[in-house]
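Hi everyone, thanks for coming. I'd like to walk you through a structure today, stopping at a few spots along the way. Have a look at it first, and then we'll start with some helices.

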Amino acid sequence: MSKAGKIARRTFLVGSAAVAGGVAFGIYQYRRAVDNPLLDGLPEDSAALTPYVRIDADGITLITPRADKGQGAYHVQAALIAEELDVALDQITVDPGPPSPAYWNTALSEEAAAFAMPGDGLLNSTVHGTIDAVMKFMGMQITGGSTTVPDGFVKLRAAGASARETLKRAAAMQSGADLTRLRTKDGAVILPDGRALPYTSLAATAATLEVAQDVPLRPASEWRLIGKPMHRLDMMAKCTGTLSYGIDLTVLDMLHATVLLGPAPGSQLRSYDADTALAAPGILAVVPVTGGLGIVAKTTWHAFRAADLIKAEWAPAPFPSEMEAHWQALANSFTNDHRDSRPRDDGDVADAFQGTGTISAEYHAPYLAHAPLEPLSAIVLVNNGQVEVWTGTQIPRFVQSNVAKIAKVKSAAVTVHAAYIGGSFGHRLEDTVVRQATEIAMQMPGTPIKLTYSRETDMRHDYMRQPAMARMRGAHENGQVTAFDLSIAMPSVIASQMGRQSVAPPGPDSQIVAGAWDQPFAIPHHRVTGHRAPELAPISSWRSVGASTGGFFYNLGLDEIIHAAGADPLHERLRLCSDPLARAALESVAKMSNWSGPHPGTGIGRGVALTHSFGVPCAEIVEVRQTDRGLRITEAWVAAEVGTVIDPVNFENLVAGGVIWGLGHAMNCQITYQGGTATQTNYHDFEGMRLHQCPRITVRGLENGEQVRGIGEPPVPPAAPALAGAIFAATGVRIREMPFNKFVDFA
């Protein structure tokens, strides 16, 4: 590759969506092209035409930097690039690529901007641009918030289009053909005489050219892949058990390790006796790590066994040891001193409650573990000032930075190999396991160390979903909802989670009122207030984050007011609905379920909920039937507005999975603390939904909106309140807290 060519392609404009906004921090810096990380160490006969496309004689590799946690993220990202690049999916290899600021997440800034400056006007776009500029400057390469599709929808297609047009230029140069008469198909440039020049044969020439910029994207009418069912790239390997997740990875000559941590997250080690463990077969070392001890052994099994043989004394938990104190801390937070935000305050709420027809209620949502099938693991090798990491992660740049600090090397000396993740739900937004593996590896330089958590350690030391409490007042008149005042108290997820990354976001925490403050209902007197409770047990993002509790509380409260008014829960929501996209979602589930009210038959109850979260209005109706063995959830209907459905099959799977996730946790799951320790340790006491309990789920993706949205998280928040509404309709039991099996039996 020529030096000139390499310099010319050192940078790359990432696409029109990525360069919108950026008013406050200086448009020049914001619009400045990003470095292409694929050029580092690129062989001479290869081309890295953008940060997302690498071609050499062996094939075409598409870079998919958002983590795949089972949601088909690699598949969808590859399809977006392939759409414009004109390659078939079976012609490519996918690679998550290196950690790089080039892969910052543009879409993550949108929800924060909407909270800071509601509406669609100039101020909102300015705030959005400002936050996005900060995200770019910080290089926030994060997978989360259902942003993989909205972040990549234009960006990845633009990368494919730029690569395609650059390859056409290479073909024109190589063949002497007229550029305007060239076309592309199935990974090749087609010459006017019909000959096909494979992209792989053009890589060396393309590497000498400047990358084509600002290539117009094809209209939807010309899409080959988007909107059509596709054979998912990872399906064969997953169906045959041959796909390697992070926990399956091995490195030559590696040793295995686990950790012994205190009974309470964050409790400090006071003393220990490891003599018995060190005398056990297969044990090689017991070393200190942050939060406890690392046990190094020949196998994971030996390490787990030795951990049980260590006698240790620990300091008390750094948070209330008993669950009652956690709830009391939340109850004490409904004060002006703890008020964090009031993003909605319509009408005159105080005056609205002076008359009759008022009700009130209190709701609770417990701690929940992420509990993915794949326990946490990481492999780290520290050797001669270089560090290699193999792990599944949603935050590769934070991993790179934190490992560099521990190993006392520059970030560039840390190579992160991102792996497939066996379920996360927010779990892999944390990197404690990688830090601990690095600490152990630092004490055994030159030896790869694979640290694996036991299932029990993984669950007990999870950074849980936040516990939350809400207080509702409602008023009705003439059969209609007239006032709704909802106050929510919980600790700050963002402060707890980002604090572990040494980041302190300013301002209120939008997650305290997520799923509640911006719901599309025009209630005349309408107020939502967030109260920040003190830090309790450490918490983190759990699938749908604040909306998982805010959507639950909001729909429960609205249901109670509607019932007191004597109205139909779906028809009153439709009457109040102020957003045409949300209205279409409600109308769609009503039609799908043939809605005739909450009591369609003897012993049958139906509940409805709608939550607007992550930009998606998602409406759900759940049906239950009374049986001799308890309540059976028989049906669920879901309609969600996402602008464009990329792959209908993957879309349906994601929605159905979200519904099962939401229903299962509402039915059976909670984490409680006793003596500072999580009482639940494994799936036997945190079981979610059993296979035989799964209802038939009917899904419809709506495409009426202009913006493309993600669907991983939005189906979760409406599931629990829709189930609660169905139970009330079937039994008369009004459930105001999770898990529901404290109040009813499920068949």
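Okay, let's begin with H17 and H21, which cross in a right-handed way. What we're looking at is a predicted model, by the way, so keep that in mind throughout.

Now a second pair, H3 and H6. H3 is residues 73–85, H6 is residues 148–175, and their axes come within 6 Å, crossing at roughly 40 degrees. The crossing of H3 and H6 is right-handed. On the H3 side, the contact residues are Ala73, Val76, Gln77, Leu80, Ile81, Glu84 and Leu85. On the H6 side, the list includes Thr148, Phe153, Leu156, Arg157 and Leu167. Sorted by class, the contact of H3 with H6 comes to eleven nonpolar, four polar and three charged residues.

Next stop, cysteines. First, what is a disulfide? It's a covalent bond between the sulfur atoms of two cysteines. Let's see why for two of the cysteines. To count as a disulfide, the two sulfurs have to be within 2.5 Å. For cysteine 618, the closest cysteine sulfur belongs to cysteine 577, and because it sits 13 Å away, that's too far for a bond. Cysteine 694 has its closest cysteine sulfur in cysteine 669, at 14 Å, so again that's too far for a bond. Are these two cysteines buried or exposed? Cysteine 618 is buried, at a relative accessible area of 0%. Cysteine 694 is partly exposed, at 25% relative accessibility.

Let's move on to some backbone details. There's a cis peptide bond going from methionine 738 to proline 739, with omega near -5 degrees. If you want to find proline 739 on screen, look in the segment after H21.

Then there are two aspartates to point out. Aspartate 186 isn't a glycine, yet it has a positive phi of about 50 degrees. You'll find aspartate 186 in the loop between strand E7 (183–185) and strand E8 (188–190). It's partly exposed, with 42% relative accessible area. Aspartate 253 isn't a glycine either, and its phi is positive too, at about 70 degrees. Aspartate 253 sits in the loop that runs between helix H8 (235–239) and strand E10 (255–261), and it's exposed, with a relative accessible area of 63%.

Where is proline 99? It's in the loop between strand E6 (92–95) and helix H4 (108–116), and at 14% relative accessibility it's buried. Proline 99 and isoleucine 395 are 296 residues apart in sequence, but their C-alpha atoms are 8.7 Å apart in space. Setting aside neighbours within four places in sequence, proline 99 contacts Gln141, Pro396, Arg397, Gln400 and Val416.

Valine 380 is in strand E17, residues 377–383. It's buried, with 0% relative accessible area. Its C-alpha is 6.6 Å from the C-alpha of lysine 450, which is 70 residues away along the chain. Leaving out residues up to four places away in sequence, valine 380 touches several others, among them Val387, Val389, Val434, Ala437 and Ile449.

Finally, threonine 391 belongs to strand E18, residues 386–391. Threonine 391 is buried, at 1% relative accessibility. Beyond its neighbours within four places in sequence, threonine 391 is in contact with Ser377, Ala378, His417, Ala418, Ala419, Arg428 and Val434.

Technical notes
Residues numbered from 1 in each chain as written. Predicted model: local features only at pLDDT ≥ 70, side-chain atom pairs only at ≥ 80, totals over all residues. Heavy atoms only, no water. Buried < 20%, exposed > 50% of the residue type's maximum accessible area, 1.4 Å probe, protein only. Left-handed = near helix turned anticlockwise from the far one by under 90°. Helix = DSSP H or I, 4+ residues; strand = E, 2+ residues; numbered from the N terminus. Axes fitted to C-alpha atoms, helices over the stretch in contact; angles between N-to-C directions. Contact = heavy atoms within 4.5 Å. Nonpolar A, V, L, I, M, F, W, Y, C, P; charged D, E, K, R; others polar.
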